[in-house]
Amino acid sequence: MNSSALLRREHFDAADRPRDAARVMPISDDAAMLREAASLTRDLNAPKAWIYWTDLLASAALGYGALAIAVTARPTWVVAVAAVVAILALYRAGSFIHELTHLKRGSVRGFRLAWNALVGVPLLVPSFIYEGVHNQHHAKCYYGTIDDPEYLPLALMKPWTLPAVLIVALISPALLLLRFGVLGPLSIFSRRLRKFVVERYSGLQLNPLFRRPAPEGDFRRDWIVQEIACSIWAISLIALAVTGVIPVPALFIGVIVASGAMVLNQVRTLVAHLWENDGAAMSVTAQYLDSVNVPPPATLPAIWAPVGLRFHALHHLLPGVPYHALGEAHRRLCAALDSGSIYHRSSHRGLSPLMARLAASTLTNRRRSA
């Protein structure tokens, strides 16, 4: 669903807010860096199926196993530990939705179907809500503009937008139940409602003005199959909860785990970019500099930015490199490019400094606007 339904787009009106000169200065492409990046990593573009399958199956098994312990255990501390493990493991398993948008059809056979069966449908985040949306975010002419479904200039907005984004993530499980258990089935009987649901509530997006077009071709078939499966599952969950078949404590823990994974993903999203573009088109190098790497020696990013997401800037530079090869790509580029290269400017230390930078920027913007 639209993850920022509470946000408005007055921030894209450049005339209405003060801007830092560094933020609006056009940055031309660093052709040498782009050539070097492509040349050094050409052999890393092939996904290794065994890594994808092992990682997904292990993450899903650990996540659901921990969830089962959380809903059946007695001691509070065991429930708490199991719930945290479930959040982290299911968050990692869910993060493969990002890889699905970049995997060529058939490159890892059966993986899309398996992911939807194991994660997408049970968590009500089927792959169709990201496929097509995320690809537009990577388009050179769309990134950071009003047509980018995943971008808002958060650093240039009001301070209240950050907690608003997190609150929406917190209540996402309820919103997804509403989307697939109520609105989706009802839209069968109303063309107007169906158009509304498809355009506004069928994508994992940050931009509240993005309107998704109706699916076509094979993708339409995949969308319908996934949506039907999610609707059946959502209606079943609602019915089982209402009739008391699912005990209230178990339901509560399940919601906490789902909300925890959503919030963790949203926090990671808030530091995936610097969010400093005001809506103008950007060069590939400018897009890279607006994105974030949190490379080793930092270790915690492997938890809060799993499945290669700690190399998000590098991913924008080389979207065809699979997640398991991004670490090697980063090592090669660091070894080949001197310390003055633009490449190193997208490397940051960790989550806290990035969140502090974003929060400080929104506060500065508020003072300037006052």
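**Exercise 1. Place L100 in the fold: which helix holds L100, and which residues is L100 in contact with beyond its neighbours in sequence?**

Solution. Start with the secondary structure: L100 belongs to helix α5, residues 96–100. Helices here are DSSP runs of H or I with at least four residues, strands are runs of E with at least two, and both are numbered from the N terminus. Next, take the accessibility: L100 has a relative accessible area of 1% and is buried. Buried stands for under 20% relative accessible area, exposed for over 50%, and partly exposed for what lies in between, using a 1.4 Å probe and protein chains only. Then list the contacts, that is, heavy atoms within 4.5 Å. Setting aside neighbours within four places in sequence, L100 is in contact with F111, R112, W115, S127 and E131.

A word on the model before going on: it is predicted, so local features need pLDDT of at least 70 and side-chain atom pairs count only at pLDDT 80 or more, while totals for chains, interfaces and linings use all residues. Residues are numbered from 1 along each chain as its sequence is written, and side-chain values use heavy atoms, with hydrogens and water left out.

**Exercise 2. Find the buried residues of α6, and say what covers them.**

Solution. First pick out the residues: F111, R112, A114, W115, N116, V119 and G120 are the buried ones of α6. Last, look at the cover, which includes α3, α4, α5 and α11 (217–242).

**Exercise 3. Work out how the buried residues of α8 are arranged around its axis.**

Solution. Begin with the list for helix α8 (residues 161–170): T161, L162, A164, V165, V168 and A169 are buried. Viewed down the axis of α8, these buried residues fall within an arc of 165°, so they line one face of the helix. The arc is taken from the directions that run from the helix axis to the C-beta atoms.

**Exercise 4. Describe the packing of α4 against α12: at what angle do the axes cross, and which residues make the contact?**

Solution. Take the geometry first: the axes of α4 (residues 76–94) and α12 (residues 248–270) come within 9 Å and cross at roughly 50°. Axes are lines fitted to C-alpha atoms, for helices over the stretch in contact, and angles run from 0 to 180 degrees between N-to-C directions. The two helices are therefore oblique to each other; under 35 degrees counts as roughly parallel, over 145 as roughly antiparallel, 65 to 115 as roughly perpendicular, and the rest as oblique. The crossing of α4 and α12 is right-handed, a term used if the near helix is turned clockwise from the far one by less than a right angle, with anticlockwise being left-handed. On the α4 side, the contact is made by V79, A83, A86, I87, L88, L90 and Y91. From α12 come I253, I256, V257, G260, A261, L264, N265 and R268. Sorted by class, the contact of α4 with α12 has 12 nonpolar, two polar and one charged residues. Nonpolar covers Ala, Val, Leu, Ile, Met, Phe, Trp, Tyr, Cys and Pro, charged covers Asp, Glu, Lys and Arg, and polar covers the others, Gly among them.

**Exercise 5. Locate the backbone features at L124, V307 and P297.**

Solution. Keep the background in mind: most residues other than glycine have a negative phi, and most peptide bonds are trans. L124 is not a glycine, yet has a positive phi of about 60°. L124 sits in the loop between α6 (111–120) and α7 (133–138) and, at 4% relative accessibility, is buried. Phi of V307 is also positive, near 50°. V307 is in the loop between α14 and α15 (312–317), and is buried with a relative accessible area of 3%. Finally, the peptide bond from P296 to P297 is cis, with omega near 20°, and P297 lies in the loop between α13 (284–289) and α14 (301–304).
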